[in-house]
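Dear colleague,

Please find below the structure I promised to pass on to you. My notes on it follow directly after.

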Amino acid sequence: MGVAQSIIQQEKDKTKAIAAQLIQLSQKNGATQAAASLLVNQGFDITVRMGDVETLTYHNSKAIGLSVYFGQKKATVSGTASDEQALKEMVEKACFIARHTQEDSCHGLADAALMASDIPDLDLYHPWDITPEQAINAAIAAEKQALMIDPRIKQSEGLDMASVQSCAVYANSHGFIGQKFATRHSHSCTLIAEQDNHMERDYDYSVARDPDDLLSIDRIANNAARKTIERLSPRKLTTCRVPVIFAARVAGGLINHFLSAISGDNLYKKSSFLLDQLNQVVFAPHITIDERPHLLKGLRSSAYDSEGVATKERAIVANGVLRHYLLNSYSARKLDQQTTANAGGARNVFISHSDHDLAALIKKMDKGLLVTDLMGQGISILTGDYSRGASGFWIEHGEIQYPVTELTIAANLKAMFANLVDVANDIDDNGNIHTGSILLESMTVAAG
Amino acid sequence: MINDLLKQAEHTLLEPAELSASKLQKVLDTMMARDIDQADLYFQQSSSESWRLDDGIIKSGSYNSSRGVGARIISGEKTGFAYSDELILPQIEQSIQAAKRIARYGGSDNAQQLHYLFGHQLYAGDNPLKTVDDSDKIALMRQIEKAAYGLDPRVKRVTVALSAEHDVVLVAASDGTLAADIRPLVRLDVMVIVEENNRREQGYYGGGGRFDYSFFQQSDRASRYAQAAVREALIKLDAKPAPAGVMPVVLGPGWPAVLLHEAIGHGLEADFNRKGSSVFTNRIGERIASPLCTIVDDGSLPNRRGSLNIDDEGVPTQCTTLVEEGILKTYMQDKHNARLMKATPTGNGRRESYAHLPMPRMTNTYMLAGPHNPEEIIASVEKGLYAVNFSGGQVDITNGKFVFSASEAYLIEKGKVTQPVKGATLIGDGAEVLRKISMVGDDLKLDKGVGTCGKQGQSVPVGVGQPTLLVDELIVGGTETGE
């Protein structure tokens with residue numbers, strides 16, 4: 001059961017045929033428009049802990065989605081079964097529900113003229129020729145080495161290696177049909193260290209389309225060991241108002257709140273703190289945020305969005321000014337605008353940065369808090385109120401002094417973005433948002 | 001009734017695969033070998049629907065149907081797992097062969113003779129997607145919407161969501177377990193946005209459990225849901241930013257027990273303790289909470305969201321005392337961890353679906369009532385926070401730090417509840433916080449049935465509960481430093 005066996009040969013024709021059949025059947029049942037999607041995932045993941053394999057999981061999943069429109073009434077149905085009978089039932093169920101919903105003048109597929117016609121190869125498919133046994137052996141060796149780095153590292157909580165191939169199809173009754181083959185591989189390691197009867201845990205990971213672009217499992221395990229040791233013997237702070245750096249691995253989350261606030265669904269519902277801000281200053285003037293959906297090997301790359309609309313490379317924020325909302329066809333109609341090809345969100349987002357590293361950013365801050373981990377959900381996109389649990393390091397005299405824990409950081413997102421001081425060049429490329437560490441002017445730190 | 005349950009599950013899950021209980025016995029034999037300690041198959045068919053009324057329009061209805069089988073093989077501490085979304089024997093056999101790669105030896109061995117294992121009868125097995133007409137579901141949503149808009153002119157937007165699941169599961173395991181469950185689950189959510197002088201705030205209220213939609217149609221429940229959501233939003237319009245710093249915190253009854261779930265619940269799940277990664281590892285018999293605290297996990301409460309007739313390994317759920325008068329009594333176990341820790345399964349083996357591995361999870365976790373009157377508790381606080389509703393929490397089980405966010409909170413000044421505050425996040429240490437509980441109310445309440453717990457990427461429905469509590473000091477993370 002080699003995983004590198006190509007998903008392309010197995011699924012190329014089958015998935016397209018199912019999508020086409022769903023649309024045809026929907027139209028036969030009276031639907032005026034229809035859209036179908038399929039996602040097939042195949043692969044494996046392994047976890048190694050304390051010298052032996054802990055789990056070996058094979059993935060082989062299929063998800064099928066169908067949206068039907070009766071005029072401007074809509075229903076969505078999803079399932080896993082793809083036999084003739086199941087597909088027929090899906091269509092019938094969708095058509096039945098659609099008749100029970102109400103007309104909404106904004107419902108419908110995106111306009112036919114906007115469908116992507118030129119679909120470039122974005123280099124997303126790089127199968128990994130590795131067996132689970134090879135992955136297990138590599139992880140066991142990496143763990144052994146990491147556990148020897150420092151006697152305070154008591155155990156690993158697991159080293160994971162995963163490799164998944166996917167085939168995704170989207171088709172609609174405009175005649176659009178898109179098919180994407182992609183791979184996604186990852187390494188991760190979580191370690192536990194102990195000192196004075198107190199345990200701390202930290203991690204590192206790497207994700208890539210191409211196994212050659214992954215940081216090796218040895219390197220990941222090493223990084224995790226270093227980070228875990230650094231967290232030992234944390235202190236508490238007293239309540240204060242200080243500058244805060246979001247380390248690159250958590251800075252993407254901050255930018256995600258911004259993307260959420262400019263997404264069409266929150267805008268038309270008026271549940272965003274960034275209403276009516278198009279062409280207004282929302283960030284400090286040195287900040288530009290680009291979306292690069294055509295990035296080769298990008299984790300979110302696609303020539304078309306989840307409604308088939310051709311995606312474009314462009315600036316969301318230019319020199320601090322908001323240039324684009326993130327709209328799909330529904331929210332665009334609600335707002336009386338055009339879709340921005342963001343059905344499914346923004347794709348491969350890059351934050352402009354300075355040319356200095358995290359150490360220089362810390363020096364620039366001089367005194368304050370470096371946040372490396374966040375906890376909890378205290379974020380309101382409606383009001384911008386932000387209050388979360390945090391841990392990290394206390395900075396004084398431009399240098400890391402000691403780890404700190406059990407504190408919260410709070411401020412309003414609007415002010416946090418407007419007063420964003422600087423971005424370092426330590427870019428984290430493991431997610432959709434590519435950003436370095438971010439220095440903010442000030443936040444309230446509660447501790448005790 | 002119980003036999004009907006098995007028959008229904010066999011009809012839904014086994015017949016399409018041309019399987020029967022006796023054929024399953026042979027399939028289980030093929031899963032066993034010399035070094036295999038445990039093997040099981042989990043069959044599941046699940047259907048769900050959701051309806052949404054937003055801004056005056058029944059937006060769109062959605063429906064999901066999924067089915068599949070998960071095959072798990074355990075050898076010592078090693079687990080092999082594969083799943084298939086096709087209920088046919090060749091696919092199941094392929095999954096078994098893949099999962100079996102974890103074992104060192106090939107061949108087969110005899111599984112125990114399958115015996116049907118009786119679970120509880122905590123809820124009716126009727127399909128909640130079907131017991132109420134679609135037109136009545138829509139009428140219910142309309143009724144709530146109308147009530148919410150009618151309550152106050154500042155209400156600018158109302159969203160009502162109604163959803164239901166119907167889950168049929170069958171477990172067959174090498175230890176002879178054959179068990180089935182049919183699980184209904186419904187919920188109703190009401191969200192409102194209010195606006196005054198250009199300030200907007202949102203309010204939320206929801207509820208649910210293992211029954212059908214008729215629950216929401218009873219008495220004046222619909223209008224009470226609308227009232228509660230509008231009330232929370234209007235209170236926030238008057239709320240000031242929360243204070244920052246250490247202070248006494250009074251937690252209201254019911255849902256604020258998210259604190260228990262985060263602060264100690266996860267840390268008492270057996271997997272973390274077997275691996276030694278929890279702050280509570282090797283601490284059974286020790287005092288971890290004030291003597292006022294007795295905390296249980298009970299999956300056998302009728303109709304509750306976190307309840308199950310059997311867990312996902314076929315073990316009947318039970319009421320497990322985790323902490324008794326402050327002393328740590330036991331961990332929550334699934335079969336795998338119980339075997340390795342030489343303990344007894346507690347009916348806490350749960351999984352999100354056939355495509356996920358089971359692990360120890362909470363069901364309904366709550367603290368029993370104590371001696372104090374709630375008013376007396378508030379009156380005892382000179383200056384502090386009164387938190388009555390929360391939007392969720394998170395914990396790091398290794399260092400014990402937990403955090404949760406208050407969605408409705410007030411200042412307590414000179415023993416009286418005064419100014420509403422917003423944006424309060426509470427952070428504490430799970431190993432310490434329960435020692436700081438100095439008063440426990442006599443007003444135990446369970447939550448309304450909307451909790452979902454996430455662990456290692458798997459979501460399962462859970463419940464929590466507690467009486468009013470006083471925590472002597474907790475860090476409150478607002479923006480107001482009082483400088």
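Helices H1(A) and H2(A) lie oblique to each other. The structure is a predicted model, and in it H1, residues 7–28 of chain A, packs against H2, residues 84–100 of chain A, at an angle of about 45°. The axes of the two helices are 10 Å apart, and the crossing of H1(A) and H2(A) is right-handed.

Which residues of the two helices meet? On the side of H1(A), they are Ile18(A), Gln21(A), Leu22(A), Leu25(A) and Ser26(A). H2(A) contributes Leu87(A), Lys88(A), Met90(A), Val91(A), Ala94(A) and Cys95(A).

I turn next to the contact between the chains. Chain A places 57 residues in it and chain B places 60. On the side of chain A that touches chain B, the elements giving two or more residues include H2, strand S2 (52–70), strand S3 (73–79) and strand S4 (153–172) of chain A. Further along chain A, strands S6 (198–208), S13 (385–396), S14 (399–412) and S17 (438–446) also belong to this group. S2(A) gives the most, with 10 residues. The side of chain A that touches chain B divides into 18 nonpolar, 24 polar and 15 charged residues.

S2(A) is also paired with a strand of the other chain: 4 bridges join S2(A) to strand S4 of chain B, residues 78–84, and the two strands run parallel. Within this pairing, Thr55(A) has Thr79(B) as its bridge partner in S4(B).

Finally, some remarks on each chain as a whole. Chain A contains 9 helices and 17 strands. Its radius of gyration is 24 Å, close to the 22 Å that the globule rule gives for 448 residues, so chain A is as compact as a globular protein of that length. The C-alpha atoms of chain A fill a box of roughly 70 × 55 × 35 Å along the principal axes.

Chain B contains 11 helices and 25 strands. For its 483 residues, a compact globule would have a radius of gyration near 23 Å, and the 24 Å of chain B agrees with this. Along the principal axes, the C-alpha atoms of chain B fill a box of roughly 75 × 55 × 35 Å.

With kind regards

Technical notes. Residues are numbered from 1 along each chain as its sequence is written. Chains are lettered from A and ligands numbered from 1 in the order in which they are written. This is a predicted model: local features need pLDDT of at least 70, side-chain atom pairs count only at pLDDT 80 or more; totals for chains, interfaces and linings use all residues. Axes are lines fitted to C-alpha atoms, for helices over the stretch in contact, and angles run from 0 to 180 degrees between N-to-C directions. Angles under 35 degrees count as roughly parallel, over 145 as roughly antiparallel, 65 to 115 as roughly perpendicular and the rest as oblique. A crossing is left-handed if the near helix is turned anticlockwise from the far one by less than a right angle, and right-handed if clockwise. Two residues are in contact if their C-beta atoms, placed from the backbone, lie within 7 Å. Ala, Val, Leu, Ile, Met, Phe, Trp, Tyr, Cys and Pro count as nonpolar, Asp, Glu, Lys and Arg as charged, and the others, Gly among them, as polar. Two strands pair if DSSP finds at least two bridges between them. The radius of gyration is taken over C-alpha atoms; the globule rule is 2.2 Å times the number of residues to the power 0.38.
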